[in-house]
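This note is meant for a colleague who is meeting the structure for the first time. Please read the numbered points with the structure open alongside.

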Amino acid sequence: SIIDLLDAQNASLRAEESAANAVYDFLIEVMNVERATGQYDFLASPEEQRALARAIRTHLASLEASR
């Protein structure tokens, strides 16, 4: 029925809005962390971002290995 269609469309729009808000909230938190640490890695070059990601993965792996 038309009511079911409208309900489904509203649910879809709410889900899309929630997803967009989650991304926005995540980016706000990333910037808050970077401001607190004084390092703006989010704005770094792709090479610097990859190096940071490798360093974080290595650190996390060493923490797991030491358990």
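1. Helix α1 and the place of V23. The model under review is a predicted one. V23 lies in helix α1, which covers residues 2-37. V23 counts as partly exposed, because its relative accessibility is 49%, a value between the 20% under which a residue is buried and the 50% over which a residue is exposed.

2. The nonpolar patch. What makes up the nonpolar surface patch of about 610 Å²? The contributors are V23, F26, L27, Y40, F42 and L43.

3. The length of α1. The helix has 36 residues, and at 1.5 Å a residue it should span 52 Å.

4. The end of α1. The residue that follows α1 is G38. Its phi is positive, with a value near 80°.

5. Overall form. How many helices and how many strands does the protein have? The secondary structure comes to two helices and zero strands. The radius of gyration is 20 Å, whereas the globule rule gives 11 Å for 67 residues; the former is well over the latter, and the protein is therefore more spread out than a compact globule. The C-alpha trace spans about 60 × 30 × 20 Å along its principal axes.

6. Surface and burial. Of the 67 residues, 4% count as buried. The accessible surface of the protein is about 5,800 Å², and carbon and sulfur atoms account for 61% of that area.

7. Salt bridges. The structure contains two salt bridges. In one of them, the side chains of E47 and R50 meet, with an N to O distance of 4.0 Å. Both residues belong to helix α2 (residues 46-65), where they are three residues apart, about one turn of the helix. In general, residues three or four places apart in an α-helix point the same way, because there are 3.6 residues a turn. R50 is partly exposed, since its relative accessible area is 45%. The other bridge joins E64 and R67, whose closest N and O atoms are 3.8 Å apart. E64 and R67 are both exposed.

8. Distances from L6. L6 is located in helix α1, and its relative accessibility of 41% is the reason that L6 counts as partly exposed. A53, by contrast, has its place in helix α2; with a relative accessible area of 25%, A53 is also partly exposed. How far apart are A53 and L6 in space? Their C-alpha atoms are 44 Å apart, while 47 residues separate them in sequence. Between L6 and Q39, which are 33 residues apart along the chain, the C-alpha separation is 47 Å.

9. Distance from A15. A15 is likewise found in helix α1. Is A15 buried, partly exposed or exposed? A15 is partly exposed, because its relative accessible area is 48%. The C-alpha atoms of A15 and S45 are separated by 32 Å, the two residues being 30 residues apart along the chain.

Terms used: Residues numbered from 1 in each chain as written. Predicted model: local features only at pLDDT ≥ 70, side-chain atom pairs only at ≥ 80, totals over all residues. Heavy atoms only, no water. Patch = residues over 30% accessible without salt bridge, like charges linked within 9 Å, V, L, I, M, F, W, Y side chains within 5 Å. Areas by Shrake-Rupley, 256 points an atom, 1.4 Å probe, with all protein chains shown as cover. Helix = DSSP H or I, 4+ residues; strand = E, 2+ residues; numbered from the N terminus. Buried < 20%, exposed > 50% of the residue type's maximum accessible area, 1.4 Å probe, protein only. Expected span 1.5 Å × (residues − 1). Rg over C-alpha atoms; globule rule 2.2 N^0.38 Å.
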